[in-house]
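Open the model in your viewer and keep the selection tool at hand. The stops below can be taken in order.

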Amino acid sequence: MKILASSLVLSILIFILVTPAFSRDIFVDNVRGNDEFTGWETRIGVSGTGPVKTITRALKVAQAGDRIVLTNNEGEPYQESVTFLGNNHSAANARPFTLEGNGALLDGSEEIDPALWQYFRDGIFRFQPKFMAYQNLFLDGRPLERAELPKDEIPVVKLNAMQWCMHEGYVYFKPERERMPDEYALRCAGRKCGITLIHVQGVEIRNLTVQGFQNDGIAAANAARQVYLNNVTLRGNARAGLSVGGACTVWVINSMLGNNNYAQLLTENYSRTHLMKTDLISNTAPGWVDRGGEVNLDGKIITGGLDQREAFKMEAEKTAAESEKAPGKNATAVKDDTAADTGLSDSKTGMTEAGDDFPPTPEVETDTFMTDDGDALPGDDAADSLDMNADDDDTMFDF
C-alpha cells in the first residue's frame, strides 16, 4: 500500500514538473521599465514588481504560451534585435506565444558617427558602415532615396542632392549644396535582424512596426511553423521586410510590406507563406522575390514572384507632374515623404502633405484572426486549396 501511495505521489510530481505552467502576460516598457523587475505588472510597485525594459529580457523569462505586451511610447522605439527560439517561445494549451506590439516601433537603425564621413568629390561624401552586404540610409526616421547605379560605375556626378548609393563597401551621399553630412540627423542600418524565429510553433506577432534593420525586419529562419503576423508593418529594412526560410509556415494578415531594399517578401525552398489582406508594395524592390517555396495570396497559389516597380515609377512621374501644376505644393528631398515621392496613391500609403510615416502603421485591432464578417482567417476553402501532403502546421490554431 505504501509502495502504491509513493508511486501515486511520484506520478503527480512528474505531471506537475512536465506540464507547462499557466500562460502569463509579461509587460515591457522601454521608458519606465527595468530589466530587474518581474515584468508581471504594468505599474512599478514594491519588491521589484513592474514592467521589464527590453523585449530581450521578456523572452528570457517567458514560457510557452505566454504573451509579451509592449508599451507604445511614441517617439521612443524599441532598439534591439530579438530571437524566438524553441519550446519556451511556442504555443501551449491552445494559446499562441504572442508578442503584442500595441502599435510600437522596433527600430534597427543607429546614428552615423560624423567623424566617419570622408569627402569624395563633386559634392559627394562617403563612409564605411560596419555592415556592408545590405544597407539603408535614413533621415528623420524615413529612408532617403537610393540611386540605382550600374555596379561597374563609381558614383561621381550621378547622385542628385539627398540621394545615396552603395559601392564597394562604402555608402555615398550627396547633401544639399553648401551643406555637410553631419548637418543632418542621418542614420544607417545598425542591427542585423529585427525578429528571428527558429524552431518555434504557434507564434503570433501583432500590431508592430519593424524597420531599419540590416537584413530583414522579420526572418522565419528555420522550422518556424504556424507563425502569424497580424497587423504588422515591415518597412525600410536593407534586405527584406519578411524572409521565410526552409520548413517554415507563415501567415501574414492585414499587414503591409514596403520600402525594403531587396524584396518586400523573400521566400526560400520548402517554405509556405499565406498572405491575407496584405499589401506587398513594389516601390523600392520587388513585392516578392521567389527563391522557392509556396505563396498563397488570398486563397490562391501564385508563382514566380511579384514586381510592379515600373508601374509605381510611372505613377510617381504622373503624380509629380500633377503636383508641379498644383499651387501651394512643397517638395521634399526625403523619399516617401509624399505620395509623389513613392509613386503610391494616398489611399495606399495613408500619407499626408505633412509627411506621415510610410508605410503607415496599421491601427491596432482587438480581434486577432477574424474578418469583418466574423469568419476565422483563413476560411476552410483557403486552407483546403493547399495540398502538399503537409503536416498539420498548415492550419491555424492547431497547437
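**Cores, cysteines and a hairpin**

Select Phe84, Ile195, Leu197, Ile205 and Leu242: of the 42 residues in the largest nonpolar core, these touch the most other members. The model is a predicted one.

Next, centre on isoleucine 205. Leaving aside residues up to four places away in sequence, isoleucine 205 touches Leu99, Ile195, Leu197, Ile218, Tyr228, Leu229, Asn230 and Val232.

Now select Trp117, Phe127, Tyr184 and Cys188, which belong to another core, of 15 residues, lying apart from the largest one. In general, nonpolar side chains of soluble globular proteins tend to be buried together.

Stay with the cysteines. Is cysteine 188 buried or exposed? Cysteine 188 has a relative accessible area of 5%, so it counts as buried, the cut-off being under 20%. Show cysteine 193 as well: at a relative accessible area of 11%, cysteine 193 is also buried. How many disulfides does the structure hold? The count is zero.

Move to strand 6 (118-121) and strand 7 (124-127). The two strands run antiparallel and are joined by three bridges. Glutamine 118 stands opposite arginine 126 of strand 7. Strand 6 and strand 7 form a hairpin, with two residues between them.

With a relative accessible area of 38%, aspartate 122 is partly exposed.

Another positive phi is found at asparagine 93, where the angle is near 50° and the residue is, again, other than glycine. To find asparagine 93, follow the loop between strand 3 (82-85) and strand 4 (97-107). Asparagine 93 is exposed, because its relative accessible area is 59% and the cut-off for exposed is over 50%.

Finally, zoom out to the whole chain. The protein chain has six helices and 24 strands. Of its 399 residues, 49% count as buried. Among contacts with a separation of 6 or more, 62% are between residues 24 or more positions apart.

How values were computed
Residues numbered from 1 in each chain as written. Predicted model: local features only at pLDDT ≥ 70, side-chain atom pairs only at ≥ 80, totals over all residues. Heavy atoms only, no water. Disulfide = S-S within 2.5 Å. Buried < 20%, exposed > 50% of the residue type's maximum accessible area, 1.4 Å probe, protein only. Core = buried A, V, L, I, M, F, W, Y, C linked by side-chain atoms within 4.5 Å. Contact = heavy atoms within 4.5 Å. Helix = DSSP H or I, 4+ residues; strand = E, 2+ residues; numbered from the N terminus. Pairing = 2+ DSSP bridges.
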